[in-house]
Each structure stands twice: as structure tokens, then as C-alpha cells.
Protein chains: 2
Amino acid sequence: MLAQSGYSQSTHGRPALGPTRRPPPVTAHSLDGTIEMIGASMVFPRNAEIFGESEPAEYLYKVVSGAVRTYKILSDGRRQIGGFYLAGEVFGLENGDEHSLSAEAVSETRVLVVKRSALFALAERDSEIARQMWALTSHELHRLQNHVLALVKTAKERVVGFLLEMAKRAPSGNRVELPMSRQDIADYLGLTIETVSRTLTQLESTAAIALPNARCFELRDRGALGRLRG
Amino acid sequence: MLAQSGYSQSTHGRPALGPTRRPPPVTAHSLDGTIEMIGASMVFPRNAEIFGESEPAEYLYKVVSGAVRTYKILSDGRRQIGGFYLAGEVFGLENGDEHSLSAEAVSETRVLVVKRSALFALAERDSEIARQMWALTSHELHRLQNHVLALVKTAKERVVGFLLEMAKRAPSGNRVELPMSRQDIADYLGLTIETVSRTLTQLESTAAIALPNARCFELRDRGALGRLRG
DNA sequence: CGACCATTTGATATGGATCAAGCGATGTGG
DNA sequence: CCACATCGCTTGATCCATATCAAATGGTCG
């Protein structure tokens with residue numbers, strides 16, 4: 001059970017960490033363990049900004065509950081979502097000094113926050129920690145490589161790929177809750193909200209999935225979906 | 001002047017490194033310096049495979065001259081190019097044990113090759129080297145974030161973005177040599193060869209660029225191009 | 001209940017793909 | 001040295017997937 005801290009809706013919102021701070025660092029040789037140990041708990045309400053593009057990357061974040069989206073805004077106002085982060089996933093780690101994307105809470109979201117400088121100090125002495133920070137970045141890189149691949153596929157392939165990816169990450173059998181809106185999905189896949197909606201309807205009509213309501217889906221025919229994945 | 005090694009066209013082709021090996025490692029606290037010092041020189045002919053997707057990632061490479069493309073093949077045979085690497089740039093670094101893309105020489109290409117295990121051993125003791133390996137991956141990540149962004153833009157914006165990117169990397173005034181074919185550019189930008197060609201022609205007709213021949217271009221109106229970048 | 005917002009559904013427009021020639025370099029054999 | 005084959009690129013005509021514009025539906029909250 002985690003200690004509870006107040007909301008932070010403030011714009012540049014570097015949180016006041018006082019009350020929720022954990023015991024001093026212990027060399028656990030595990031980045032994840034370190035975050036759990038020294039991370040400060042924070043809650044962001046739905047749509048609150050967690051950090052902004054080109055802000056100093058002072059913290060690293062791990063999602064405890066809820067969901068986060070990272071994104072960039074194009075000059076013409078279009079928004080490209082870089083990724084979604086669900087419970088247990090880490091985001092906001094930068095090698096350089098600035099965030100390269102903005103981050104927002106998709107729904108009310110609890111995160112653990114760790115100062116980057118603390119991790120750097122740790123990595124200096126513990127090459128295993130350094131390796132795990134690199135591994136995180138490397139994992140993001142591979143995810144992005146697959147995202148690039150997805151963006152050159154057809155609308156149906158993108159949507160199916162998204163559903164299968166979500167199903168794999170939220171391991172609750174065949175029923176999957178979607179924390180994000182259709183607009184979020186569209187901006188992630190580089191499609192319009194109408195195309196996402198139509199594609200989902202079409203997948204439902206072929207009995208590949210079921211859509212009990214707009215914020216969840218059920219996998220009904222993994223074989224068919226696999227074939228449609230591209 | 002670098003020692004010359006034989007060609008390697010072999011498929012899995014882990015090169016015989018004997019004759020071109022350099023003196024033993026010195027702690028330079030610089031990844032780049034280390035590559036220059038202990039890297040073995042190799043030449044790959046045009047279109048030769050350097051490594052394949054899901055092969056063991058045993059080496060890291062730095063381009064001395066020529067150019068390299070990394071790519072994935074989709075199930076339907078389409079090829080997505082992940083990136084181009086020009087003289088001075090490093091590719092093939094993996095945190096995990098397998099390459100996540102294939103790599104080929106675009107034109108005849110000379111590279112320096114370093115065993116990953118050697119770098120890992122170095123990084124174990126020298127956190128600066130570890131940091132620089134992470135920085136390389138992080139740089140790739142940022143490049144890919146921009147690539148994702150590019151792939152949701154219009155054809156003209158993608159092509160203009162590509163030209164400006166190439167011009168920035170090959171710093172030879174306004175005239176830029178293109179080592180890669182139209183097909184390579186198309187597969188990088190997620191367009192067809194016809195669309196790339198038409199877009200270039202159109203840019204030439206508006207005097208934004210000049211196309212002396214198919215393998216080079218000149219920037220004629222950076223202002224206009226900047227506005228078209230998106 | 002009523003206002004609001006997200007989603008779905010429908011009708012039409014369009015950017016880029018596809019299909020199909022034509023053209024210009026580069027190289028090869030006579 | 002020239003005729004010709006080849007290959008990569010350009011240009012043209014048409015098609016189609018997805019965007020855009022518009023309206024209807026449904027779910028949520030005061």
C-alpha cells in the first residue's frame with residue numbers, strides 16, 4: 001500500500017515531494033526495485049500534464065495505476081501520440097537534459113517519481129543500474145521501430161495491431177479495458193477518429209472482436225486477427 | 001589511411017579480422033575514440049548484407065565512407081527502411097542479444113567493426129563509456145520519434161523533411177549527393193517511388209531545389225522548404 | 001429531464017497508390 | 001565506336017483507401 005500525496009495540476013508542476021518520500025537509497029542492483037524504494041507517489045487527474053516537451057528532464061516516472069500518453073504537437077496543430085504507458089511501465093527517462101515529448105495522464109493516474117540525478121549517481125557506481133537504464137531506452141527504441149512499421153500499414157492492420165498490443169499488455173483474458181479515447185487511438189495510429197470507429201465496427205461485424213461499450217473490447221477470433229495484423 | 005581488408009559478401013559473414021586488427025584497448029573514456037583505436041576495417045560492396053534481423057548482435061559498426069541502410073521486411077514483402085547511416089555515424093548497437101533490423105551497404109562502404117563484448121567489458125569499469133553507449137541508443141530513439149512524426153505528414157512534407165535532413169548531415173553547402181536510390185527514399189518515407197519522383201519534380205518546378213541528376217540535389221530556397229517542412 | 005460530449009454512421013472529396021508508357025543514363029557485345 | 005539491352009527514373013491516366021464534412025445516436029452528469 002502506497003502513501004498518498006496530493007494532486008498536482010500545476011502547469012510546470014514540479015511536485016512538492018515532502019510527505020511521501022521513501023527511505024534513502026539502497027544498492028539493490030535493480031532499477032525497478034530502486035524506483036519502488038525511493039520513488040515518491042503522486043496522483044495526476046485525467047488530462048493533467050505530467051511534463052512538457054523541452055522541459056528539463058528532472059524525473060523518471062513509473063505508472064502505479066491509470067495510464068499515460070506521450071505526444072508531440074505538429075505545427076499545424078495535429079497531435080501525434082508516441083506511446084501509452086500502463087500500470088507497471090516506466091516513462092520519462094532521458095539521456096539528455098530535456099524531455100523530447102510531452103506527457104499527460106489519460107485517466108486519473110498514480111505514478112512513482114524518482115529524481116534522475118539520484119539514478120545517475122547510482123549508475124556511476126553500479127554498472128548494473130546503468131545497464132538497466134540503457135535497457136529501458138533500448139526497449140523504447142524497439143517499440144518505436146514497430147510503431148514506424150505500423151504507420152506504413154493499412155488502417156485495418158494498424159487497428160488490429162493496436163488491439164493485439166493492448167491485449168498483450170493488459171493480461172486479463174480476452175476482455176480488455178481501454179483507458180484512452182477514440183481520438184487518442186486515432187492520434188497514436190495516424191488515422192482519423194472516424195476511420196478508427198468504422199474499422200472497429202467492421203471487425204465486430206466479422207465477429208473478430210466484440211465491443212460491449214466504447215471503452216473496452218473482447219478478442220473473439222485471435223486467428224482471424226492475427227491474419228489481419230499484416 | 002586505414003589498412004585494407006578483403007570484401008565480405010558472405011551471408012552470415014562474420015568477417016575474418018586478423019590482418020586489420022588494431023592495438024589493444026586503451027581507456028580513452030570515449031566510445032568514438034575506442035572504436036577508432038580497436039575497430040577493424042572492412043569493406044562491403046554495394047547492396048551487401050552487413051547483418052540480418054534477429055542475428056546475434058555481436059558487433060557495433062561505424063561508417064568510414066559510403067552509406068548504410070537498416071530495414072525490416074513486412075510479411076507482404078514491403079520493405080521499411082529504418083534509417084540511413086553516413087560517414088562518421090554508428091549503427092548496429094544493441095542492448096539485447098539480437099539485431100532488430102537488417103543492415104545493407106547502400107553503396108560500397110567501409111566500416112570500422114568493434115566486438116560488442118569488448119565494449120561491454122569496458123563499460124563495466126568505465127561509466128563514461130557506458131553513458132556514451134546509452135547516448136547512442138538515446139539518439140536513435142529521438143531520430144525514430146521524428147521519423148514517426150514524419151510518417152503522419154503529407155508526401156511533400158516527408159520529402160522536404162528528408163532533403164533538409166540529408167542536407168544537414170552532409171554538410172557541403174547547398175549541393176548534396178544522395179547515395180541511395182529513389183526506391184530507398186520511398187521505402188524510408190513510406191511512399192511509392194512515383195510519388196517521391198513527382199514530388200521532387202514539383203519542388204524543382206517551384207525553384208525550391210535543383211536536380212542536376214538523379215543522385216544529387218541543390219537547395220535553392222531554404223525559406224520555402226522550411227515552410228513546406230510542416 | 002436536458003445539455004453536453006464522445007462515438008457512430010453516412011455522403012462526398014482527394015492525396016497518393018497503382019497501372020502503364022516513355023525516357024535517359026550506363027554498360028556490353030559486335 | 002556505335003547499336004542495343006538494361007535499369008532506374010520520370011511522366012501520364014485512373015482508381016481507391018482514407019480524409020473530410022455532416023448528421024444521428026448514445027452515454028454521462030448536473
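Which residues line the second largest cavity? Let's hold that thought for a moment, everyone, and start with what we are looking at.

This is a predicted model, where local features need pLDDT of at least 70, side-chain atom pairs count only at pLDDT 80 or more, and totals for chains, interfaces and linings use all residues. Residues are numbered from 1 along each chain as its sequence is written, chains are lettered from A and ligands numbered from 1 in the order in which they are written, and side-chain values use heavy atoms, with hydrogens and water left out.

Now back to my opening question. The second largest cavity is lined by A:Lys72, A:Gln80, A:Ile81, A:Gly82, A:Leu101, A:Leu144, B:Gln145, B:Val148 and B:Leu149. Two or more of its lining residues come from each of β5 of chain A and α3 of chain B. Its volume is about 60 Å³.

A word on terms. On a 1 Å grid over the protein atoms alone, a cavity is a set of points where a 1.4 Å probe fits but cannot get out, while a pocket is an open set with protein on both sides within 12 Å along at least five of seven lines; lining residues have an atom within 4 Å of a point. Helices (H or I, at least four residues) and strands (E, at least two) are DSSP runs, numbered from the N terminus.

The whole structure has two cavities of 30 Å³ or more. The largest cavity has a volume of about 320 Å³. Among its 26 lining residues, A:Leu141, A:Gln145, B:Tyr85, B:Leu101 and B:Glu140 lie nearest the centre.

What about the largest pocket? It holds about 1000 Å³ of space. Of its 43 lining residues, A:Arg143, A:Leu144, A:Asn146, A:Glu165 and A:Tyr188 are the closest to its centre. α3(A) gives the largest share of that lining, eleven residues.

Next, helix α1 of chain A, residues 31–38. Its buried residues are A:Leu31, A:Thr34, A:Ile35 and A:Ile38, where buried means under 20% relative accessible area, exposed over 50%, and partly exposed in between (1.4 Å probe, protein chains only). They cover an arc of only 100° around the axis, which puts them on the same side of α1(A); the arc is that of the directions from the helix axis to the C-beta atoms. The cover over these residues includes β1, β3, β6, β8, α2 and α3 of chain A.

Most residues other than glycine have a negative phi. A:Ser54, though not a glycine, has a positive phi of about 70°. A:Ser54 sits in the loop between β2 and β3 of chain A and is partly exposed, with a relative accessible area of 43%. A:Ala207 is not a glycine either, and has a positive phi of about 65°. You will find A:Ala207 in the loop between α6 and β10 of chain A, partly exposed at a relative accessible area of 47%.

How values were computed
Contact = heavy atoms within 4.5 Å. Points joined across faces, edges and corners; volume = space filled by probe spheres on them.
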